[in-house]
Amino acid sequence: MGNTNGQVVAGGNGQGNRLDQLNLPTDVLIDKETDSLIICDSDNRRVIRWSRRSGTIQGEILLDNIACRGLAMDGQRYLYISNYDKHEVKRYQIGDKNRTIVAGSNGKGVGFNQLNCPYYIFVDQQQTVYVSDNENHRVMKWNKGAKEGIVVAGGQGKGNALTQLSDPGGLFIDTSGTIYVADMSNNRVMRWAKGAKQGTVIVGGNGHGAGANQFNCPWNFRKFYAKTMEAIYTLHKTMNARFYAYLKIRDLKTQLGKQHLAALDDTTYLTIGNCRSEFLAAHRDYVEKFQVIELSQELITTRRHITVPFLRLS
């Protein structure tokens, strides 16, 4: 199966607020231009940049005194950060003190111009901002320059009906406008087609638990492609500390998750690295990298008769 240990690429010096430490990182992305990680160091209330170059022993603070939860970067290298204290999302240009409000910032509330504890964000090529509006139990879409958002998933109160969400977390929007959202307190991942009035459960939804078809508060996920192969949905289970791969609707029950149980304890976030061949897992006080080193010839077939190559991590 290969080595189940990852490589620490940021932090790893215990919880704390020194520049060589992290404290509950909740989001991480790669800035390819500077070959660095940008980390939402949530409990230290700061956004920190950590070079990926060999020999780096500490990060540098980009922003501090901010209740950050989620990060995104668009094609022009603008950085988007959700602030759950101020109920807003702002856009920043790295190195520039100017910032632009792109969602919320009208106080805590349920209005279309408001947010209530925004968590994760997604920005598309048109700089449209999607926000998991956690305590309003909805996903909001804010077009570039808009003064109000549009409810695109949930928004029918907290609940487990197909029209509802319960504490939404991570989200992904594909090129067709389909929304995928981690429905945390319902222990499921939902898919909402563009313009749909209700979603579809694609993973989980079988109660709170450690079973192969269950979750325990899934925070976030990323959609992963192995070259021209079928799409795999990778996500972690924070409370169960397990890492699984999912294809379309059916659970693969892959060895990938079971083999990396110990390596991914206390994971709070998972993302895809450079060339989509590596995974970055944010733990309680460090960020770890796993590299995809092999696509084996053994194919795994789901009940829908879709095949994908088995992934092996370093």
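Buried means under 20% relative accessible area, and cysteine 117, at 8% relative accessibility, therefore counts as buried. The views below show a predicted model.

View 1. Cysteine 117 is buried at 8% relative accessibility. Cysteine 40 is likewise classed as buried, with a relative accessibility of 0%. A disulfide is a covalent bond between the sulfur atoms of two cysteines. A search of the whole structure finds zero disulfides.

**View 2. The largest nonpolar core.** In soluble globular proteins, nonpolar side chains tend to be buried together. The largest nonpolar core here holds 23 residues, and the members touching the most others are Val139, Leu165, Leu171, Val181 and Trp192. Two or more residues come from each of the strands β10 (118-123), β13 (150-154), β14 (168-173), β15 (179-183), β16 (188-192) and β17 (200-204).

**View 3. The salt bridge between arginine 77 and glutamate 33.** Side chains of opposite charge can pair when their charged atoms come close. In the pair formed by arginine 77 and glutamate 33, the closest N and O atoms are 3.6 Å apart. This pair links distant parts of the chain, 44 residues apart: arginine 77 lies in the loop between β6 (68-73) and β7 (78-83), and glutamate 33 in the loop between β2 (25-31) and β3 (36-41). Arginine 77 is partly exposed, with a relative accessible area of 22%, whereas glutamate 33 is exposed, at 61%. Together with Asp31, Glu33 and Arg77 are linked in a network of salt bridges.

**View 4. The salt bridge between aspartate 85 and arginine 45.** The side chains of aspartate 85 and arginine 45 meet at 3.2 Å, N to O. Here too, distant parts of the chain are linked, 40 residues apart: aspartate 85 belongs to the loop between β7 and β8 (88-93), and arginine 45 to the loop between β3 and β4 (46-51). Aspartate 85 is partly exposed, at 42% relative accessibility, and arginine 45 is partly exposed, at 31%.

**View 5. The salt bridge between arginine 138 and aspartate 133.** A distance of 2.7 Å, N to O, separates the side chains of arginine 138 and aspartate 133 in this salt bridge. Arginine 138 is buried, with a relative accessible area of 5%, and aspartate 133 is buried, with 0%. In total, the structure contains 11 salt bridges.

How values were computed. Residues are numbered from 1 along each chain as its sequence is written. This is a predicted model: local features need pLDDT of at least 70, side-chain atom pairs count only at pLDDT 80 or more; totals for chains, interfaces and linings use all residues. Side-chain values use heavy atoms; hydrogens and water are left out. A nonpolar core is a set of buried Ala, Val, Leu, Ile, Met, Phe, Trp, Tyr and Cys residues joined through side-chain atoms within 4.5 Å. Buried means under 20% relative accessible area, exposed over 50%, partly exposed in between (1.4 Å probe, protein chains only). Helices (H or I, at least four residues) and strands (E, at least two) are DSSP runs, numbered from the N terminus. A disulfide is a pair of cysteine sulfur atoms within 2.5 Å. A salt bridge is a side-chain nitrogen of Lys or Arg within 4 Å of a carboxyl oxygen of Asp or Glu.
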